[in-house]
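Hi,

Here is the structure I said I would pass on.

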Amino acid sequence: MLYELRVYHIMPGKMQAIQARFRDHVIELFSKHGMKITHFWDDVDTDKNQLYYIVEHENMELRNANYERFRNDPEWLELRRVTEADGALVEKQESIYMKNVPFFKNN
């Protein structure tokens, strides 16, 4: 299993909007394209204005194919257009890829 930690640096004043977009639309759209979000956080230090989440993928090839379908989905393109009518919600996005280590078993 491949775990992708996505870090979003949110534009000032846009945290509520990005959370609403995920809550109301994007989580379901990800699922439609075979991507499962397993955890979601926002930073305890609100001055950082960052949102974090983990997406599970079977492997990098499938991850890339799923994101390609998502990025070209007309529903996503329209949602992005509408939710960013007053400007971008995300300043920068980073991904960190992780895999399980054999010695640790989650209870």
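Let me start with the helix pair: α1 and α3 are roughly antiparallel to each other. This is a predicted model, by the way. The axes of α1 and α3 cross at roughly 160° and come within 11 Å; over 145° counts as roughly antiparallel, so that is the label the pair gets. The crossing of the two, α1 with α3, is left-handed. On the α1 side the contact is made by Arg-21, His-25, Val-26, Leu-29 and Lys-32, and α3 answers with Glu-75, Trp-76, Leu-79, Arg-80 and Thr-83.

Next, the sheet. It is an open one built from 4 strands, ordered β2-β3-β1-β4, with antiparallel pairing. β2 and β4 (90-98) sit at the edges with a single partner strand each, so one side of each has no neighbour in the sheet. On average, neighbouring strands are turned by 20° against each other, ignoring direction.

Going through the pairings:

- β2 (residues 36-42) and β3 are joined antiparallel over 6 bridges, and His-39 has Ile-54 in β3 as its bridge partner.
- β1 (residues 2-10) and β3 run antiparallel with 8 bridges between them; here Arg-6 is partnered by Tyr-53 of β3.
- β1 and β4 are also antiparallel, joined by 8 bridges, and Leu-5 finds its bridge partner in Ile-96 of β4.

As for what lies against the sheet, α1 packs on it and touches β1, β2, β3 and β4, with its direction at about 10° to that of β3. α2 packs on the sheet too, touching β1, β3 and β4, and its direction makes about 45° with that of β1. Strand β3 (residues 50-57) is mostly covered, with 7 of its 8 residues buried.

Now for the inside. The largest nonpolar core contains 18 residues, and Phe-22, Phe-30 and Phe-70 have the most contacts within it. At least two residues of this core come from each of β1, α1 (15-32), β3, α2 (60-71) and α3 (74-83). α1 gives the most, with 6 residues. What does Phe-22 touch, leaving aside neighbours within four places in sequence? The list is Tyr-8, Ile-27, Ile-37, Phe-40, Leu-51 and Tyr-53. There is also a second, separate core of 5 residues, including Tyr-3, Leu-5, Val-7 and Tyr-52.

Cheers

Methods: Residues numbered from 1 in each chain as written. Predicted model: local features only at pLDDT ≥ 70, side-chain atom pairs only at ≥ 80, totals over all residues. Heavy atoms only, no water. Buried < 20%, exposed > 50% of the residue type's maximum accessible area, 1.4 Å probe, protein only. Pairing = 2+ DSSP bridges. Core = buried A, V, L, I, M, F, W, Y, C linked by side-chain atoms within 4.5 Å. Contact = heavy atoms within 4.5 Å. Axes fitted to C-alpha atoms, helices over the stretch in contact; angles between N-to-C directions. Parallel < 35°, antiparallel > 145°, perpendicular 65-115°, else oblique. Left-handed = near helix turned anticlockwise from the far one by under 90°.
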